[in-house]
Amino acid sequence: MKQTVWHNLKLCATGDARHTLDDAAIAVEGGRIAWLGAAPNLPAQYALWPREDLRGAWVTPGLVDCHTHLVYAGQRADEFAQRLAGASYEEIARQGGGIVSTVRATRAASEEALFAQSAARLEPLIAEGVTAVEIKSGYGLELDAERKMLRVARQLGERYPVTVRTTFLGAHALPPEFAGRADDYVEEVCDRMLPALADEGLVDAVDVFCERIGFTLAQSERVFEVAVRRNLPVKMHAEQLSNGGGAALAARYGALSSDHLEFLDEAGVAAMKAAGSVAVLLPGAYYFIRETQLPPLDLLRRYEVPIAISTDSNPGTSPVTSLLLMMNMATTLFRMTVPEVLLGVTRNAARAFGDAEHHGTLAAGRPADFAVWRVQSLAELAYWIGRPLCERVVRGGATVFQRSLTA
């Protein structure tokens with residue numbers, strides 16, 4: 001079993017920038033952390049292990065991108081131009097654009113082409129220290145195409161050094177063939193698509209876009225009922241464009257998270273707190289569609305609802321492949337603090353991801369998945385825009401990405 005002591009490093013093991021060690025070491029054996037702590041306290045049993053000198057770099061847990069739509073074909077730059085010319089996101093969607101235009105491209109793409117396009121979006125995330133990423137379906141909207149998306153997501157996790165959890169988002173939009181028949185499509189999702197894909201082992205969680213241009217509370221609940229019967233955790237796109245009560249509904253089903261939340265009210269916040277759901281904020285989408293309604297940060301803080309930050313990487317409203325940029329946007333647009341956004345891409349994101357046992361923090365017995373940063377202060381992770389900061393990514397104790405940087 002490979003044994004290594006990583007030393008001469010500054011450590012933020014819990015993802016909390018308020019609790020760090022200036023001179024730390026991490027002993028790794030067989031891909032897991034055997035010990036970590038202040039370097040002078042390194043137990044004698046590890047003293048003769050081979051060493052890796054990190055030259056004073058900062059080490060954090062590997063970052064977690066807990067809400068993405070990475071797998072899709074094509075792009076929607078022309079629709080972006082339409083919005084710049086004055087069309088609203090809802091207007092474009094009602095004209096057959098938006099999600100449905102990506103559905104057409106994704107259905108037409110081969111599995112190989114879909115993988116290649118999606119991998120190109122995953123690689124920049126890994127280069128920024130991401131070691132775990134959630135990937136949603138929802139651009140197929142029929143069984144075979146949803147299956148193709150989820151298979152590609154699984155392949156990304158097999159062929160890249162990153163943990164991938166898949167989320168079935170069949171209830172993302174109404175496909176053209178079901179125009180005017182939303183209840184019939186929800187029946188298709190519940191009775192055919194979700195059971196088949198779950199039986200094939202392609203689904204780790206279930207999501208619904210509950211919104212006036214998406215699905216109603218009653219339709220969303222039908223999907224949740226099927227998910228819960230199959231012991232699949234749920235999450236929800238909620239309160240992005242209006243206050244529809246989606247977060248409260250998701251909380252009744254013990255949702256891992258409710259996401260977007262710009263129009264979330266106090267009742268929804270209280271319901272999320274009671275359920276232990278994470279609030280996943282998506283500043284990229286807020287910025288890209290030029291939203292003006294801020295998510296209720298003060299309420300979330302008052303109720304101590306854990307807050308995560310994610311890219312929402314998708315072709316229509318957040319064509320983002322930088323989680324560090326999302327940290328910056330969360331501070332500048334939402335007025336979050338550096339400790340809040342760092343927790344938002346580590347410990348809290350791991351809870352929304354659905355696997356806080358293995359991701360988001362570093363501790364003895366856990367996987368040795370961490371990011372090495374050539375910065376003087378952790379505040380730089382939310383400060384620099386476009387500057388490569390991640391020097392190395394370690395997964396299972398092995399370096400899977402390395403960049404030569406000058407501090």
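Two residues are in contact here when they have heavy atoms within 4.5 Å of each other. Keep that in mind as you click through this predicted model, in which local features need pLDDT of at least 70, side-chain atom pairs count only at pLDDT 80 or more, and totals for chains, interfaces and linings use all residues. Residues are numbered from 1 along each chain as its sequence is written, and side-chain values use heavy atoms, with hydrogens and water left out.

**Stop 1: the annotated site**

Now zoom in on H67. You will find H67 in the loop between β5 (63-65) and α1 (77-84). Helices (H or I, at least four residues) and strands (E, at least two) are DSSP runs, numbered from the N terminus. Is H67 buried or exposed? H67 has a relative accessible area of 0%, which makes it buried. The cut-offs are these: buried means under 20% relative accessible area, exposed over 50%, and partly exposed in between, using a 1.4 Å probe and protein chains only.

Show what surrounds H67. Not counting residues up to four places away in sequence, H67 touches E134, K136, H237, D259, H260, V280, L282, S310, T311, D312 and S313.

Next, look at the histidine side chains. A polar contact is a pair of N or O atoms within 3.5 Å; within protein, one must be able to donate a hydrogen and the other to accept it, and residues adjacent in sequence count only if both atoms are side-chain atoms. The H67 side chain makes such a contact with the side chain of H69 at 3.2 Å, and another with the side chain of H237 at 3.3 Å. The side chains of H237 and H69 also make a polar contact, at 3.4 Å.

Move on to D312, in the loop between β12 (307-309) and α12 (323-334). D312 is buried, at 1% relative accessibility. Leaving aside neighbours within four places in sequence, the contacts of D312 include H67, H69 and H260.

**Stop 2: from H237 into the strands**

Select H237, which sits in strand β9 and is buried at 4% relative accessibility. Beyond four places in sequence, H237 touches residues including D207, V208 and F209.

Which strands pair with β8? Two strands pair if DSSP finds at least two bridges between them. Strand β7 (residues 163-171) runs parallel to β8 and is joined to it by 3 bridges; look for A171 opposite V208. Strand β9 (residues 234-238) also runs parallel to β8, with 4 bridges, and V206 stands opposite V234 there.

Trace the chain from β8 through helix α7 (residues 217-229) to β9, and you follow a right-handed β-α-β crossover. Right-handed means that, with the strands pointing away from you, the path from the first strand over the helix to the second runs clockwise. Another right-handed unit is made by β7, α6 and β8.

**Stop 3: the nonpolar core**

A nonpolar core is a set of buried Ala, Val, Leu, Ile, Met, Phe, Trp, Tyr and Cys residues joined through side-chain atoms within 4.5 Å. In soluble globular proteins, nonpolar side chains tend to be buried together.

Select L156, L281, M336, W373 and L381: of the 96 residues in the largest core, these touch the most other members. Helix α6 (residues 182-199) gives the most to this core, with 8 residues. Apart from that core lies another, of 16 residues, among them A24, I26, I33 and V394.

**Stop 4: a buried threonine**

Finish at T346, in the loop between α13 (338-344) and α14 (347-353). T346 is buried, with a relative accessible area of 0%. A polar atom of the T346 side chain lies 2.7 Å from the backbone oxygen of L342. Leaving aside neighbours within four places in sequence, T346 is in contact with T14, G15, P61, L63, V64 and G360.
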